[in-house]
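This report looks at the aromatic contacts of one protein model. Where do the rings meet, and what surrounds them?

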Amino acid sequence: MLGIPLATVAVGGIGSYALLERMRTGAYNPQAFNNPLVGQKVPDFTLPGEDGHNGFDQAALVAQKRPILINFFASWCVPCKVEAPYLADIAKSGLDIWGIAYQDKPRPLALYLAEFGNPYRRIASDLSGRVAINWGVYGVPESFLIAPGGMVRWHTAGPLFPEIIENQLRPALRLLS
């Protein structure tokens with residue numbers, strides 16, 4: 001009778017130990033998961049712009065001749081605020097960033113952009129969140145590197161920190177040149 005609960009606790013303990021050990025050695029990255037969109041064309045979508053910003057659609061991404069970084073963000077997202085200065089640096093380096101405001105309203109979005117800056121060449125509004133679902137987004141911020149022609153080449157879930165930019169995004173960009 002005690003065998004099943006003890007076995008459950010033992011399996012849970014082993015799993016927890018393995019996770020903690022991977023975290024200790026740096027082998028665990030909670031942002032590393034295989035988004036099924038990587039290696040595929042961007043899904044079909046059309047999003048309106050927000051407060052004077054140009055929206056965009058799948059055709060606009062497919063027509064691009066340069067790589068584009070798509071960044072899902074929101075004014076209510078605390079990690080998005082932390083990510084903001086790094087996005088500004090990426091934009092200054094010459095990579096175009098197109099933002100998708102996830103389930104955000106115009107007034108808070110405008111205040112967010114005024115306070116944290118606007119690194120986005122274009123901003124579209126995904127008020128319903130349906131486009132994010134089609135892209136496989138499970139939380140903001142998330143970023144996708146789109147190759148010329150509209151192919152998704154790289155993805156990360158969570159804020160873009162310098163380590164991710166240098167160790168993941170920049171190598172992915174080099175592969176496109």
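## A buried ring pair

W135 is buried, at a relative accessible area of 1%. Buried means under 20% relative accessible area, exposed over 50% and partly exposed in between (1.4 Å probe, protein chains only). F72 is buried too, at 0%.

This is a predicted model, in which local features need pLDDT of at least 70 and side-chain atom pairs pLDDT 80 or more, while totals for chains, interfaces and linings use all residues. Residues are numbered from 1 along each chain as its sequence is written, and side-chain values use heavy atoms, without hydrogens and water.

## Ring pairs

Rings of Phe, Tyr and Trp (its six-membered ring) pair if their centres lie within 6.5 Å; planes under 30 degrees apart are stacked, over 60 edge-to-face, the rest tilted. The count is 11 aromatic pairs. F72 and W135 are edge-to-face, because their centres are 5.6 Å apart and their planes stand at 65°. F72 is in strand β3 (residues 68–73) and W135 in helix α5 (residues 130–135), so the pair ties together parts 63 residues apart in sequence. Helices (H or I, at least four residues) and strands (E, at least two) are DSSP runs, numbered from the N terminus.

## A partly exposed pair

Y86 is partly exposed at 25% relative accessible area. F161 is partly exposed at 29%.

## Cluster and charge

Ring pairs join F45, F56, F72, W98, W135 and F144 into a cluster. R122 lies over the face of W98, 4.8 Å from the ring centre. A charge sits over a ring if NZ of Lys or CZ of Arg is within 6 Å of the ring centre and within 35 degrees of the ring normal.
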